[in-house]
Amino acid sequence: MQIPTTNSRVAALPVLALGALFLTLAMGLALLAGSVYRQIVESGDTLAIRRTALSYLVGQVRRADRADSLAAGTFGASDALFVHENDYVTILYVYDGQLRELYMEEGTGLSPADGLAITPLESLTVETADGRLTFAAEDADGVHTVSVSPRCGVQEEGP
């Protein structure tokens, strides 16, 4: 059995130092990649919430695009979209930080708190101009708008 000499120990030192440096750099890169991934997921979630709210509103307009079925107005303290179907109405509005939907028989007198929460949203503005319906949704990143031109037109709903 051969006893290691001092020269072989000194020769192994640069190899160990290079291995330690590689390990340190690999760990740093993994931590950095994890941080970047987390930021991408968070921004993707925010975009998905915004897209969901605006797409849902446009989808409701497209679904109910027939004569005298769409109206813009207020419900509670928020702007709202009213979708009329026979003796029933679907009201889309923001209450307590959520886009909500309330489906009820007309004239039942339910309150904004009774609606079903769809997705988080700070505020919603519903505007009508030139037969076009514009939704402005506000979230933590600012105000985002979408416009849709229903074939049936849009009525004004009283409070």
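**View 1. The whole chain and its accessible surface.** The chain exposes about 10100 Å², and carbon and sulfur atoms supply 58% of that area, where accessible areas come from the Shrake-Rupley method with a 1.4 Å probe and, for residues, only the protein chains shown count as cover. This is a predicted model, in which local features need pLDDT of at least 70 and side-chain atom pairs count only at pLDDT 80 or more, while totals for chains, interfaces and linings use all residues. Residues are numbered from 1 along each chain as its sequence is written, and side-chain values use heavy atoms, with hydrogens and water left out. Of the 159 residues in the chain, 31% are buried (buried means under 20% relative accessible area, exposed over 50%, and partly exposed in between, with a 1.4 Å probe and protein chains only). The chain has 1 helix and 9 strands, these being DSSP runs numbered from the N terminus, with helices (H or I) of at least four residues and strands (E) of at least two.

**View 2. The salt bridge between Glu85 and Arg63.** Glu85 forms a salt bridge with Arg63, and their closest N and O atoms are 3.4 Å apart (a salt bridge is a side-chain nitrogen of Lys or Arg within 4 Å of a carboxyl oxygen of Asp or Glu). Because Glu85 lies in strand S2 (residues 78–85) and Arg63 in helix H1 (residues 6–63), the pair ties together parts that are 22 residues apart in sequence. Glu85 counts as partly exposed at 22% relative accessibility, and Arg63 also counts as partly exposed, at 42%.

View 3. Strands S1 and S2 run antiparallel and are joined by 6 bridges; two strands pair if DSSP finds at least two bridges between them. Across this pairing, Ala71 stands opposite Phe82 in S2. The hairpin has 2 residues between the strands, and Gly76 takes a positive phi near 65°. In strand S1 (residues 70–75), 5 of the 6 residues are buried, so this strand is largely enclosed by the rest of the structure.

**View 4. The open sheet of S6, S7 and S8.** Here 3 strands form an open sheet in the order S6-S7-S8, with antiparallel pairing. Strand S6 (123–129) and strand S8 (142–148) stand at the edges with a single partner strand each, so one side of each is left without a neighbour in the sheet. S6 and strand S7 (residues 132–139) pair in the antiparallel sense over 7 bridges, and Val126 stands opposite Phe135 in S7.
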